[in-house]
Amino acid sequence: MVSKEEPLGFLPKEKLKEFVQELLGLGVVLAPKKEGDITIMQEIRTAGELAEDFEQTRNNLRTIVEPQNEILLTYQPSAELFCEENLPEEKQKIVFWCRPCDARAISYLDDNFKDEPFPDPYYIRRRDRVLLIGLGCDSPFPYCFCSSIGGSPFGKDNLDIVMTRVDRGYILEYITENGQEIGRKMSDIIQRLTDDDMTEMRKVQENADKMIRRKAPDPSDISRKLSSMFESPIWKKWGDKCIGCGICTYLCPTCWCFDINDVESRGKGYRIRTWDSCQFPLFTLHTSSHNPRPDKGSRVRQRVMHKYNYHPINYGGRIACVGCGRCSELCPMDIDLISILEDISKAGEKDA
Amino acid sequence: MPENPYLPHAAVVRDIAQETSGERAVRTFTVDFEDENVSSNFKYRPGQLAMISVFGRGESMISMTSSPTMSKSLQFAIMRYGRVTSVLHYLEIGEKIGVRGPYGNGFPVADWKGKSLLFIGGGIGIAPLRSAYMYALDNRKDYGEISIFYGARSSQNIVFRKELESIAQSGKAKVELSIDKPEDDWKGFVGFVPANVKRLSPTSDNTIAIACGPVVMIKVAIDELLSLGFAPERIFTTMENKMKCGIGKCGRCNIGSVLVCKKGPVFSYDQIQKMPRDF
Ligand code: SF4
Ligand code: SF4
Ligand code: FES
């Protein structure tokens with residue numbers, strides 16, 4: 001819900017730390033923080049831990065709403081107690097400076113975890129208590145292609161506030177009532193913005209679009225073409241290059257697949273869920289040793305099909321890719337998603 | 001918030017029937033939920049699935065082999081096979097397992113009213129079929145002819161043998177049992193189930209065919225059914241895939257865009273023909 005109050009605010013550069021410090025008083029704050037050479041979106045306890053200049057965070061927001069490991073239930077084999085659910089505490093979390101693409105990706109996790117008739121209470125508890133303050137991308141990263149897939153470096157999906165970096169500081173656009181509420185709470189730090197700030201903001205935002213260096217083929221066209229490409233030779237071609245490490249899926253902000261296993265430690269049992277990947281052969285291996293996806297080609301196909309064909313089929317045409325570019329940038333075998341999409345575009349033409 | 005779908009409910013094993021023996025033995029477990037409320041809320045259709053838990057081992061998706069028309073208890077015919085099912089075979093009467101569900105679509109038994117039903121089963125494929133034919137027998141007047149073709153490797157491997165023989169005697173259904181290789185005392189058909197179907201050529205008139213069993217058997221059975229004049233949308237089978245959550249979340253049981261745990265496990269042959277070869 002957009003509020004009737006001032007939709008914009010201005011945060012002077014020198015007040016950034018103070019702003020973050022205030023946020024720390026409102027809940028658990030997750031923000032980009034350097035860890036060696038890379039930046040991780042993680043909990044910070046002091047404003048000083050925030051990385052002000054940062055590369056794309058290695059992780060995305062999936063880690064916050066669907067942690068890599070979590071205990072679903074505990075059990076005690078010998079006791080009267082059969083098993084007990086272990087629902088997460090509903091702590092308010094504030095994500096500070098996530099990128100618009102990562103925020104947008106949450107919509108696809110929502111599609112899966114909120115889906116009826118079995119909404120996932122673990123996910124929903126976390127999701128409902130996350131406030132997202134995004135930082136628009138004034139200088140997109142080398143692998144970004146959000147603008148060819150319905151997003152934008154200043155996209156607002158799922159964000160409560162989006163910030164634009166200008167010369168004197170940051171312009172805050174309040175998108176939701178929760179965002180506005182933050183603005184109200186910070187009224188002694190937040191100032192009104194001038195016409196010049198406004199002009200600068202527009203310039204920064206327009207510029208950003210032009211700075212996106214990569215372009216993917218039209219996603220809805222890809223989606224349609226894929227429907228007749230299950231048997232295409234391109235899957236073997238890419239599968240032969242792939243080593244099945246699963247990195248692409250672990251870094252993808254719209255991936256959600258998980259495994260469930262029982263582990264025991266010090267006399268207590270835990271049913272845990274852990275991230276899993278369709279790039280692993282065990283993912284689909286039957287007890288009978290039959291594997292419906294026995295080779296890497298069929299597993300690369302699953303990844304691409306899921307994002308670009310199956311998800312749109314199941315969820316009103318929505319393509320589950322936000323163009324963050326992580327899978328392409330960090331694949332050890334240089335398997336570039338855009339090159340796969342270009343192959344689809346070409347192969348699909350031949351088929352038609 | 002609705003209840004936690006990952007939470008299994010305690011169910012007590014009331015009875016264990018040794019159906020077949022050997023390495024791949026089959027036992028039928030009859031279980032009752034400990035909590036009366038859980039029991040009355042557990043409303044299922046024939047062909048639906050439940051996630052069975054053995055804490056410390058994990059979960060396994062298993063079809064109900066009982067029909068909701070039989071009693072409040074649930075029955076599962078389980079072959080000793082995998083990580084979970086092999087420990088299930090160590091269970092004794094009075095012990096507890098976890099059960100959550102029911103999941104999946106089940107057989108469209110209501111749509112089949114007024115039609116004849118031809119069941120074709122092989123091996124442990126009888127488990128989901130039994131749920132459906134027991135349902136049909138308990139609602140006998142709603143259906144036309146009921147025939148059950150069932151084959152096993154040997155006479156020792158026929159699951160629900162006594163029950164099937166008494167169904168045959170009651171005259172409520174035609175039962176055709178077969179075994180793969182000849183045995184001295186065996187008077188019935190010897191050969192694979194689809195061959196028995198071919199031999200007796202049941203009519204496809206106003207008939208629904210339901211085939212469950214090993215993949216190869218189903219393939220041949222379906223070819224046979226098609227040549228007997230069954231339309232693809234009148235042939236039903238169940239599909240299997242590795243499942244972890246059973247509630248459409250963990251992302252591993254899909255065939256193309258279809259999640260088997262949610263939209264399956266029952267599909268018509270017509271639906272299967274439209275699926276990619278992802279199984
Ligand atoms: S990151 Fe590259 S090599 Fe690894 S599974 Fe993904 S596509 Fe294959
Ligand atoms: S794809 Fe790149 S430019 Fe676009 S929102 Fe994500 S990080 Fe920013
Ligand atoms: S078993 Fe998890 S999605 Fe079907």
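## Strand S3 of chain B and its partners

In chain B, strands S3 and S4 (residues 58-63) pair in the antiparallel sense over six bridges; two strands count as paired if DSSP finds at least two bridges between them. Helices (H or I, at least four residues) and strands (E, at least two) are DSSP runs, numbered from the N terminus. Within this pair, B:Ala50 stands opposite B:Ile62 in S4(B). S3(B) and S4(B) form a hairpin with three residues between them, and B:Gly56 in the turn has a positive phi of about 100°. S3(B) also pairs with strand S6 (residues 96-103) of chain B, in the antiparallel sense over four bridges, where B:Val99 is the bridge partner of B:Ile52.

Strand S3 (residues 49-54) of chain B is mostly covered, with six of its six residues buried (buried: under 20% relative accessible area, 1.4 Å probe, protein chains only). B:Leu49, B:Met51 and B:Ser53 point one way from the strand, while B:Ala50, B:Ile52 and B:Val54 point the other way.

## Basis of the model

The model is predicted: local features need pLDDT of at least 70 and side-chain atom pairs count only at pLDDT 80 or more, whereas totals for chains, interfaces and linings use all residues. Residues are numbered from 1 along each chain as its sequence is written, chains are lettered from A and ligands numbered from 1 in the order in which they are written, and side-chain values use heavy atoms, with hydrogens and water left out.

## The sheet of chain A

Chain A holds an open sheet of seven strands with mixed pairing, in the order S1-S9-S8-S7-S6-S2-S3. Strands S1 (8-12) and S3 (38-44) of chain A stand at the edges with a single partner strand each, so one side of each is left without a neighbour in the sheet. Neighbouring strands of this sheet are turned by 25° against each other on average, direction ignored; axes are lines fitted to C-alpha atoms, for helices over the stretch in contact, and angles run from 0 to 180 degrees between N-to-C directions.

Strands S7 (residues 130-135) and S8 (residues 161-165) of chain A pair in the parallel sense over three bridges, and A:Leu135 stands opposite A:Met163 in S8(A).

## Helix H1 of chain A

Helix H1 (residues 16-24) of chain A has A:Leu16, A:Phe19, A:Val20, A:Leu23 and A:Leu24 buried. These residues cover an arc of only 145° around the axis, which puts them on the same side of H1(A); the arc is that of the directions from the helix axis to the C-beta atoms.

Note on methods
Buried < 20%, exposed > 50% of the residue type's maximum accessible area, 1.4 Å probe, protein only.
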